[in-house]
Amino acid sequence: MEKAWQAVPQAKFDSLCSVVETSLVETVGAACGVKPVPRGLAETGVPFDGIIGMMSFTGDLPFSLMVGLPRTCATRMVGKFAGFDIDYEGPDMGDAVGEVVNVVAGDLALRLDRIGVRCQLTLPSVARGRDVQPLSLEGQPESRKLLRFEDADFWVRVAALNPRKSA
Amino acid sequence: METVKALVIDDSRVMRMMVMKSLQDSRLAEFEFGEAENGEDALAKLGEEPYDVLFVDWNMPKMSGIEFVRATRSSSDYDGVPIIMVTSEKTMGKVEEALDQAGANAYICKPFTTEELQKKLGGIFEDLHARK
């Protein structure tokens, strides 16, 4: 069966990932008072215990953004973001992680707009669990980067696709 | 300082709390807050009691912030009530859509500081106090 999408050129994808990382570092830094520090590539296929914030972007370059926050990192980051402590197990934690992703997404959309890539934000989704393992679609360009927030690591995943034009 | 009734409209409870806390810290007014989870909920609340100022997120389910602003401005009941967007949407297109087309009075980008609120909203609150 023919796929409904086609691969994004690697150079374009690499450029997108670079903008995502910059946006994440600067926005979380501004919102939380602590800039995350990039630490290279994250391991794939490793389940983790934590909370994932997700957002999809439509427009010139459709892509998805996932931010994976292990428990300790999530608690610290949202505490600094909100200005008050939030219980990891409570409903406000998901709300707060969604807002962190939302704020990053807004900055990211602006940076992309400035380089001529128009995109629309969707509403964020959040999942919390143990042994969570985000899976990849075959052939879909994907990047997972590791960052450190204070002394706790987290990861960001970008996956892109271009819808195939209909005949 | 006069008491100002403010309706904070955002689908995120955490963000509503952050907005309310920042507004209290700004000392632009003594605030009495109402909350709504989306544009539809906000319209219902406006039908129940009057508010002096509205703070609106953009991306919300059921009725977005921009749809709410348009609906509010098309009604003569809320003429003159300041509407302030508080949103992560930052592109010039969105800012223009909110301010020039839909009729919002001010635009605050998330994340924001208390100082930014004071700087951007000072004039609006001076007018509000003068009218009371």
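**An aromatic cluster in chain B**

B:Phe31 and B:Phe125 are both buried. This is a predicted model, and together with B:Phe33 these two residues make up one aromatic cluster. Searching the whole structure turns up 4 aromatic pairs over all chains. In one of them, the ring centres of B:Phe31 and B:Phe33 are 5.2 Å apart and the planes meet at 10 degrees, so this pair is stacked. B:Phe31 has 15% relative accessibility and therefore counts as buried, the cut-off being under 20%. B:Phe33, at 24%, counts as partly exposed.

Now turn to the other partner of B:Phe31. The rings of B:Phe31 and B:Phe125 have centres 5.5 Å apart, but their planes stand at 75 degrees, so the pair is edge-to-face. B:Phe31 belongs to strand β2 (residues 30–36) of chain B and B:Phe125 to helix α5 (residues 114–131) of chain B, so their pairing ties together parts 94 residues apart in sequence.

For some context, here is how chain B meets its neighbour. In chain B, 17 residues are in contact with 21 residues of chain A. Helix α1 (residues 13–26) of chain B supplies the largest share of the side touching chain A, 5 residues.

How values were computed. Residues are numbered from 1 along each chain as its sequence is written. Chains are lettered from A and ligands numbered from 1 in the order in which they are written. This is a predicted model: local features need pLDDT of at least 70, side-chain atom pairs count only at pLDDT 80 or more; totals for chains, interfaces and linings use all residues. Side-chain values use heavy atoms; hydrogens and water are left out. Contact means heavy atoms within 4.5 Å. Helices (H or I, at least four residues) and strands (E, at least two) are DSSP runs, numbered from the N terminus. Rings of Phe, Tyr and Trp (its six-membered ring) pair if their centres lie within 6.5 Å; planes under 30 degrees apart count as stacked, over 60 as edge-to-face and the rest as tilted. Buried means under 20% relative accessible area, exposed over 50%, partly exposed in between (1.4 Å probe, protein chains only).
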